[in-house]
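Please have the sequence and the 3D view ready.

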Amino acid sequence: MAFAAFATTTGPGEELQRRRSPIALLLLLPGILYLALFFLTPLVSLVLTSLQVPSATGEPGVYDPAFKWENYVTVINDYLPHILRSFGYALIATVLALAFSYPLAYFIGVKARPWPLLQSLMLVLVIAPFFISFLLRTLAWKQLLSDESFVITTLKALSVMPPDAHFTGTPVAVIFGLTYNFIPFMTLPLYTTLERLDVRYLEAGSDLYASPLQVFRKVTIPLSMPGIVAGTLLTFIPAAGDYVNASRSFLGGSDTQMIGNVIEANFLVLENYPAAAALSIILMSVILVIVTIYIRRAGTEELL
Amino acid sequence: MSMATGAFAERGADLELVGISKRFPGFTAIESLDLTIPAGSFFALLGPSGCGKTTTLRLVAGLEEPTTGRILIGGKDVTNLKPYQRPVNTVFQSYALFPHMTVLENVAFGLRRRKLADPVGKAHEALRLVELDHLAARKPQQLSGGQQQRVALARALVNRPALLLLDEPLGALDLKLRRQMQLELKTIQEEVGLTFLHVTHDQEEAMTMADTIAVMNKGRIEQMGAPEQLYELPKTAFVANFLGQSNLFTGTVVGTTSTAISVDIAGQKIVVPVGRSHRHSGDVTIGVRPEKLSLHREAPVIDPARNVIGPAHVIDVSFSGVSTQYLIAHPSLGTIVVFAQNMAFGPVAHVGEQVWVSWDIEHGFGLADDPAENPRFAADTDTKSIAAQRHAALIAELGEA
């Protein structure tokens, strides 16, 4: 027995790993298979498609395998305004959603703590829009804000808007739609961090000569950084690739097209698959770079 | 600008609470409290949980608003000032060190808010005072409990507040570290000369550290004075039992001389000096500390300078190294506690043995309490009953929420 005890101590790590690995692998298998099938395969296919050349037969919508990296240069030259516009709109919508959601989440998560019923009620109100498809909600906004709608005609009658102005089809309408649609994605992560915020830190801050504004800047904001990072990512990433709000059938117009609309048009209308694939890869890479820099700069690795 | 900004406090300021009361929905935490803490003193507010001591501290810090009354620091009315405008800093029970800042930035926080020169240098200096400068670059959660406590102390001390508030700052530390920190805190207070207001439920901690102790119970101050004074001459049964242990007996005054009163307690005559008794006629409660009692195995010789009780029987003996605690059952006086120094090896009396106890009449004290209110002075503040109180308070709190 004594020798057996010594034997196991020689390599406890190895022993443990060997014993643990089959179960761990088994549990990981469905996830790995799923990712391989539905993420890796399409990604590889997308990269291959983005490098294809039009078929030698000249038949539209048919492409031959190639290594034509110039496709990327072409799409950047053709669609640079759309790419920039996408990230610009997404950025503005993210900032607006944050400005709207932070006070809301702060109220629900901190100020409303003594009244749990009010907290639940307000959370339900934040989540309630999810019960209706966002396509329907966006269409409803289109109706509400169309040129003939009550809101716009009233605004024009009151001379708040010039008589020949439009709302739908403008960048303002698209950014409004993006902001509106992503507010719950911003509010919920903010709420979860603010709900856990220990108010004793705020008391300590004010005890140490910090005015309410300074407490907010130096204590509340840094402590809610995980929620801010999660919320802005959940808003910015899908907003940058969104093609519903900016679409002509919803709140957008011809000069508000975002990269998502261009990809959609190239895939489904123009049948220019390499261009659509290249644009998708560019969108994905730019988001990846932005997110990496953002998380690094936010310095929330240890708080997350 | 407010009085909090500007230069360091040269020395501590005195604190004056005038007619302070604090009512929360459903209960009164503090009732008409008047308290003056002289500048430069180490003042302890001692009491069981729920007695209103932490609320008092939060009122002084500005984290709560009093229902009535005024708070003056260094003669200036601060009742309507916000916490950040008061020349007061707090060492919180939970420490509340900012987790997103390094130890150094935590300590420099107050200095930066007041825009004082060289915050980093001063923060390092404060960390050197608590011997933690080598950990300045760490985050608070990388430190042990004792180290965090010292950082919290440095973070408050570095601002040189006229008044430093300590809210049970040693509660989370283990016994050995607590003893060490008690001594360190006392030394630091003497070095910097600031006014310390220390809130605690640990009577030993209060006695070790404070110049003056106020014993608080149910939102009122029961008694205030130097530790020796409170211990040797408690005014109420609550103080007599919260600050150490006491043997208390109730009886009627049967004789008074210019120097002493004699009290008849269930047929036994006990003498207490006039100067050490708050009441001199009618029903009184008198007491004596367990360590002042001597144990006799034979009836002691009658001595006019000593009170004698006996015979009685030993019902429990517990040996604790330095001393032995004897529980003695007297047929009409109930249980008497005796602490005896272990001058010999082991206990001198055994369970069941017949004994007498005696004490110097100069060691007795008479309480100011109305005995009718407290017919039996069972020690209701031992650790068990504090735990029971806490439990009840917690249940009440949960019920409210």
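## The nonpolar cores

In this predicted model, the largest nonpolar core is made of 108 residues. Those with the most contacts inside this core are B:Val60, B:Val107, B:Ala154, B:Leu163, B:Leu165, B:Leu197 and B:Val215. At least three residues of the core come from each of domain 1 (15-229) and domain 2 (246-378) of chain B. Another core, of 44 residues, lies apart from this one and includes A:Leu145, A:Val174, A:Ile183 and A:Ala278. In soluble globular proteins, nonpolar side chains tend to be buried together.

Beyond its neighbours within four places in sequence, B:Leu165 is in contact with B:Leu57, B:Val60, B:Ala61, B:Val88, B:Thr90 and B:Leu197.

## Domains of chain B

The centres of domain 1 and domain 2 of chain B, taken over C-alpha atoms, are 39 Å apart. An unreviewed UniProt entry annotates residues 15-243 of chain B as "domain: ABC transporter". That span is 35% helix and 27% strand.

Now find helix H5 (residues 175-192) of chain B, which has 18 residues. Which of its residues are buried? They include B:Met181, B:Gln182, B:Leu185 and B:Gln189. These four residues sit on the same side of H5(B) because they cover an arc of only 115° around the axis.

On the other side of H5(B), B:Lys176, B:Leu183, B:Thr187, B:Glu190 and B:Glu191 are exposed. The buried residues pack against strand S3 (42-46), helix H4 (145-157), strand S8 (195-200) and helix H6 (203-209) of chain B. After H5(B) comes B:Gly193, with a positive phi near 70°.

Note on methods
Residues numbered from 1 in each chain as written. Chains lettered and ligands numbered in written order. Predicted model: local features only at pLDDT ≥ 70, side-chain atom pairs only at ≥ 80, totals over all residues. UniProt positions renumbered as here; feature names shortened; annotations may be inferred. Helix = DSSP H or I, 4+ residues; strand = E, 2+ residues; numbered from the N terminus. Domains from an automatic or database assignment. Core = buried A, V, L, I, M, F, W, Y, C linked by C-beta atoms within 7 Å. Buried ≥ 20, exposed ≤ 12 C-beta atoms within 10 Å, placed from the backbone. Contact = placed C-beta atoms within 7 Å. Expected span 1.5 Å × (residues − 1). Arc of directions from axis to C-beta.
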